[in-house]
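Here are my notes on the model, as numbered points. Please read them with the structure open.

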Amino acid sequence: MATIEEEVETRHDPIDLLRATMCATRVSFEWFGTRKSLTRDQKAQAAESFGAEGEFLSAGKKLLDTGHPRFRAVSAVRNQVRKYWTSVSLPFPEPGIRLLRQDALTAFQNQMHQFTEELADSVAELDEQYLSLKSAARERLGSLFNDDDYPTTLVGLFEVTWEFPSIEPPNYLRQLNPELYEQECQRVQSRFEEAVRLAEDAFLDELSKLVSHLTDRLSGQADGRPKVFRDSAIGNLHEFFERFRSLNVRSNEQLDALVSQCQHIVEGIQPQELRKRDALRQQVASDLSGVQAALDGLLVDRPRRQIIRTPK
């Protein structure tokens, strides 16, 4: 018996595929604020030195040194969470919500739990230096320092949470108010149509930037010598291909073809080969230039593109 995903894929409808295989996710952060506005008297005092009025001055103070290695380690976890969440999900036209493949839920849960453990460890290490950071702030802030601005401990003040909100029309509306239920169905359908466009645009923009960067590195020169490029210029493309394969809903045949063409161009090529073989370097740059030209055309035509749908 065919699965829901197989049945939807058979119809090749990107909107239905998105609704049948994805779930909504929301990731939130609770973060200790390290900046605080000055009081009215403090702003008036600061404004006086400029001959200004305090009401027309916006000023604040920095409570802790966020450049401290322990604080940067805490911030790094938040950045990793955001990067991971973006890499495994698609955009959705509701603030704070992205779409995750249903079959990736377990892996997502496991990774997020790992991030929470890493965050807790980093915060604990930061808390070990908290008194020292607070003492440094006392010296730097002078009369602006206020002990009441500082909690007893930083533990528990940095958290990451996630949930899976429902974005489908609630079933109880079907009986209570069929007309309203139908309106909600149309609204959700419209949201998913927009989600398909957002996904397509995100893939298009990312591929264009990756191809443009690599083409420039391969074809450009600096001081009469070939430009230097990092291995990541190739590695990032391969990561994109994998993400595209996993999350693509096949809404644009031209984009699908260009991704396939680009993948074929760099398939099996190692960065070191491009550095050693000028002919290969030039050939890859030329082939990628053709892809870039086609991508530029898609970017220009983007407002006029239609989502590929098949009749029901």
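1. A term comes first: helices here are DSSP runs of H or I, at least four residues long, numbered from the N terminus. With that in hand, take helix H9. Arginine 245 and glutamate 242 both sit in H9, three residues apart, about one turn of the helix. They form a salt bridge, with the closest N and O atoms 2.6 Å apart. Arginine 245 counts as exposed, at 57% relative accessibility. Glutamate 242 is partly exposed, at 43%. Keep in mind throughout that this is a predicted model.

2. Other charged pairs deserve a look. Side chains of opposite charge can pair when their charged atoms come close. The count comes to 18 salt bridges. One of them joins glutamate 163 to arginine 26, at 2.9 Å between the closest N and O atoms.

3. Now helix H8, where glutamate 184 is found. Its side chain meets that of arginine 187 in a salt bridge (2.9 Å, N to O). Arginine 187 is partly exposed, with a relative accessible area of 33%. Beyond its neighbours within four places in sequence, glutamate 184 is in contact with Pro169 and Leu173.

4. Which parts make up the domains? Domain 1 covers 14–36 + 60–163, and domain 2 covers 196–301. Their centres, taken over C-alpha atoms, are 32 Å apart. In the interface, 13 residues of domain 1 are in contact with ten residues of domain 2.

5. What kind of atoms give the area buried between domain 1 and domain 2? Carbon and sulfur atoms give 78% of about 940 Å². Zero salt bridges are counted between the two domains. One residue pair is in polar contact across the interface. On the side of domain 1 that touches domain 2, helix H2 and strand E4 (89–91) each supply at least two residues. H2 gives the largest share of that side, four residues.

6. Six of its eight residues are buried, so H2 is largely enclosed by the rest of the structure. The buried residues are Pro14, Ile15, Asp16, Leu17, Leu18 and Thr21. At the start of H2, a side-chain oxygen of aspartate 13 reaches to within 3.0 Å of the backbone nitrogen of isoleucine 15.

7. The largest core has 46 residues, and Leu18, Leu99, Leu207, Leu237 and Leu255 touch the most other members. H8 provides the largest share, twelve residues. Domain 1 and domain 2 both contribute residues, so this core lies between them. Leucine 207, leaving aside neighbours within four places in sequence, is in contact with Leu237, Phe240, Leu255, Val259, Cys262 and Leu295. A second, separate core has 29 residues, including Val27, Val81, Leu119 and Leu126.

8. Last, a backbone check. Arginine 250 has phi near 55°, a positive value in a residue other than glycine. Arginine 250 lies in the loop between H9 and H10. Arginine 250 is partly exposed, with a relative accessible area of 34%.

Methods:
Residues are numbered from 1 along each chain as its sequence is written. This is a predicted model: local features need pLDDT of at least 70, side-chain atom pairs count only at pLDDT 80 or more; totals for chains, interfaces and linings use all residues. Side-chain values use heavy atoms; hydrogens and water are left out. A nonpolar core is a set of buried Ala, Val, Leu, Ile, Met, Phe, Trp, Tyr and Cys residues joined through side-chain atoms within 4.5 Å. Buried means under 20% relative accessible area, exposed over 50%, partly exposed in between (1.4 Å probe, protein chains only). Domain bounds come from an automatic or database domain assignment. Contact means heavy atoms within 4.5 Å. Buried area is the accessible area (1.4 Å probe) that two parts lose on being put together, summed over both. A salt bridge is a side-chain nitrogen of Lys or Arg within 4 Å of a carboxyl oxygen of Asp or Glu. A polar contact is a pair of N or O atoms within 3.5 Å; within protein, one must be able to donate a hydrogen and the other to accept it, and residues adjacent in sequence count only if both atoms are side-chain atoms.
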